[in-house]
Amino acid sequence: MANITLKVNGKTHTVDVEPSTPLLYILRNDLDLHGPHFGCGLGQCGACTVLIKGEAVRSCTRPVSSVQGAEITTLEGLSSGGTLHPIQQAWIDEQVPQCGYCQNGQMLTAKALLDKNPNPTDAEIRQGMAGTLCRCMTYYRIQAAIKRAAKVMA
Ligand code: FES
Ligand code: FES
């Protein structure tokens, strides 16, 4: 066990954990942040995505010790002061979620995409979102929501 300091959604936390524990487990079980979901546990679905230094990262395969001190943002940190982020609002406006299980990863991957490319084409959206899986097949609505959010964020 070791003391590890994490910066999550602008707050600093110190946890006493096994350093190889996946970041996802610490976020959900120790910090009570349930935005990131456990899907495959193998880095293959994207349900557990968080942002680390602005990059979309799969927290189920990332040892907590490797992200010590880095700025981590979960879905809970996307809104500010009670106001939804334009991506979250676009997801509501386009009625994207079906079961909702994957949507944490979809929104955070979209955030990383739009931060790098504020006005992506359909092909760029498909490429940027590839590998973030949705068993409910909400991909077309996700694409529409990303375009809607891009307009608001422009
Ligand atoms: S749960 Fe992490 S990629 Fe599937
Ligand atoms: S909304 Fe059900 S898995 Fe994506």
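I began with alanine 110, which is buried, with a relative accessible area of 0% (buried means under 20% relative accessible area, exposed over 50% and partly exposed in between, with a 1.4 Å probe and protein chains only). I noted that this is a predicted model, in which local features need pLDDT of at least 70 and side-chain atom pairs count only at pLDDT 80 or more, while totals for chains, interfaces and linings use all residues. Residues are numbered from 1 along each chain as its sequence is written, chains are lettered from A and ligands numbered from 1 in the order in which they are written, and side-chain values use heavy atoms, with hydrogens and water left out.

I placed alanine 110 in helix H3 (helices, H or I of at least four residues, are DSSP runs numbered from the N terminus). Setting aside neighbours within four places in sequence, I found alanine 110 in contact with Ile87, Trp91, Met129 and Ile146, where contact means heavy atoms within 4.5 Å.

I then looked up glutamine 103, also found in helix H3, and it counts as buried at 3% relative accessibility. Apart from neighbours within four places in sequence, glutamine 103 is in contact with Trp91, Val96, Pro97, Cys134, Thr138 and Ile142.

How values were computed
Helix = DSSP H or I, 4+ residues; strand = E, 2+ residues; numbered from the N terminus.
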